[in-house]
Amino acid sequence: MALGARRLLGLAVLAALLAVVLQLYRLRKPRLWTMEELAVHNGTDESLPILLGILGSVFDVTKGKSNYGPGGGYHHFAGRDASRAFVSGNFTGDGLTDSLQGLSSMEVNSIVDWRKFYFERYIFAGKIVGRYYDSEGNPTKYLKGIEMKAKRGAQLLEKQKSEEAKIPSCNSKWSQQEGGEVWCETGYPRLVRRPGDIALTGQVSQRCACYKEEELDKPGLVVYEGCDYLSTSCKVS
């Protein structure tokens, strides 16, 4: 091969390599995305990185291809912003949406924690123009509201933990043969409402806590069905 031809071939190869490097740089450099652009990065085209959106932030999850690629357990998150599904567990149809309407502050806080996880583990690839970011990449009022709601959820959760730490929880065990049992090393088991759950989850739940005898006349304490008033252990169904 003539010298000139070898040089031309070398330049062609170099140009091709530079084009590939430039394409990879463009794909990995944080940028603004539309939902349509994000959709093609769902792992079906092996020449493209796999991208995932959460709260409008985009992450390159290609290194987790076995999980986010076709056939993977988290493939439903690839190529879209399905923020709601991170807490709803609904991975079909309307469940794969970025809308958080109707979610509790605790659920919203959980999604914000998931976003933190992706910032720590994967490459940040940009922002989606839409619900969470405007055409300039600035946070929308919706995103600011979501982050404030998440902050309130985190504060309420810490307050609830602090309050519950003052009254120890019951010990508990369960087996298929014997069923369930709760008991207290000190005090007597009582069911008590967790008022913070109304704000956190939108639902009322109860927990088993151990109260001293002089505290048993407090309002809202419920004796387990079939359990003696001063029994330190109770069978539960």
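What percentage of the 237 residues in the protein do buried residues make up? The answer is 37%. The model is predicted.

**Figure 1. Overview of the predicted model.** The secondary structure comes to 7 helices and 9 strands. Take the contacts between residues at least 6 apart in sequence: 60% of them join residues at least 24 apart. Buried residues account for 37% of the protein.

**Figure 2. The largest nonpolar core.** This core holds 25 residues. Leu52, Ile54, Leu55, Val61, Leu100 and Tyr118 touch the most other members. At least two core residues come from each of β2 (51–54), α4 (85–88), α5 (105–121) and α6 (141–165). Helix α5 gives the most, with 4 residues. In soluble globular proteins, nonpolar side chains tend to be buried together.

Figure 3. Neighbours within four places in sequence are left aside for the contacts of Leu52. Beyond them, Leu52 is in contact with Ser57, Val58, Phe59, Val61, Tyr68, Phe77, Arg80, Phe86 and Tyr118. Leu55 is found in the loop between β2 and β3 (57–60). Its phi is positive, at about 55°, although Leu55 is not a glycine. Leu55 has a relative accessible area of 0%, so it is buried.

**Figure 4. The open four-stranded sheet.** Here 4 strands line up in the order β1-β4-β3-β2. The pairing is mixed. Strands β1 (31–33) and β2 stand at the edges. Each has a single partner strand, so one side of each is left without a neighbour in the sheet. Neighbouring strands are turned by 40° against each other on average, direction ignored. Strands β1 and β4 run parallel and are joined by 3 bridges. Trp33 has Ile128 in β4 as its bridge partner. Strands of a sheet pair through backbone hydrogen bonds, either parallel or antiparallel.

**Figure 5. The β7 and β8 strand pair.** Strands β7 (residues 188–194) and β8 run antiparallel. They are joined by 7 bridges. Val192 has Arg207 in β8 as its bridge partner. Strand β8 spans residues 205–211. Of its 7 residues, 5 are buried, so β8 is largely enclosed by the rest of the structure.

Figure 6. Trp114 is partly exposed, at 34% relative accessibility. Phe117 is also partly exposed, with a relative accessible area of 24%. Both rings belong to one aromatic cluster. Its members are Phe59, Tyr68, Tyr74, Phe77, Phe86, Phe91, Trp114, Phe117, Tyr118, Phe119, Tyr122 and Phe124.

**Figure 7. The Tyr132 and Tyr142 pair.** These two rings form an edge-to-face aromatic pair. Centre to centre they are 5.5 Å apart, with 70° between the planes. The pair links distant parts of the chain, with its residues 10 apart. Tyr132 is in the loop between β4 (123–128) and α6, and Tyr142 is in helix α6. Tyr132 counts as buried, at 2% relative accessibility. Tyr142 counts as partly exposed, at 28%.

**Figure 8. Charges over tryptophan rings.** Arg31 lies over the face of Trp33, at 3.8 Å from the ring centre. Lys173 places its charged end over the ring of Trp183. That charged end is 5.9 Å from the ring centre.

**Figure 9. Close-up of Arg84.** Arg84 sits in the loop between α3 (65–68) and α4. Its contacts, leaving aside neighbours within four places in sequence, are Gly95, Thr97, Ser99, Leu100, Gln101, Leu103 and Ile111. Arg84 and Val108 are 24 residues apart along the chain. Their C-alpha atoms are separated by 8.7 Å.

Conventions:
Residues numbered from 1 in each chain as written. Predicted model: local features only at pLDDT ≥ 70, side-chain atom pairs only at ≥ 80, totals over all residues. Heavy atoms only, no water. Core = buried A, V, L, I, M, F, W, Y, C linked by side-chain atoms within 4.5 Å. Buried < 20%, exposed > 50% of the residue type's maximum accessible area, 1.4 Å probe, protein only. Contact = heavy atoms within 4.5 Å. Phe/Tyr/Trp six-rings, centres within 6.5 Å; stacked < 30°, edge-to-face > 60°. Lys NZ or Arg CZ within 6 Å of the ring centre and 35° of its normal. Pairing = 2+ DSSP bridges. Axes fitted to C-alpha atoms, helices over the stretch in contact; angles between N-to-C directions.
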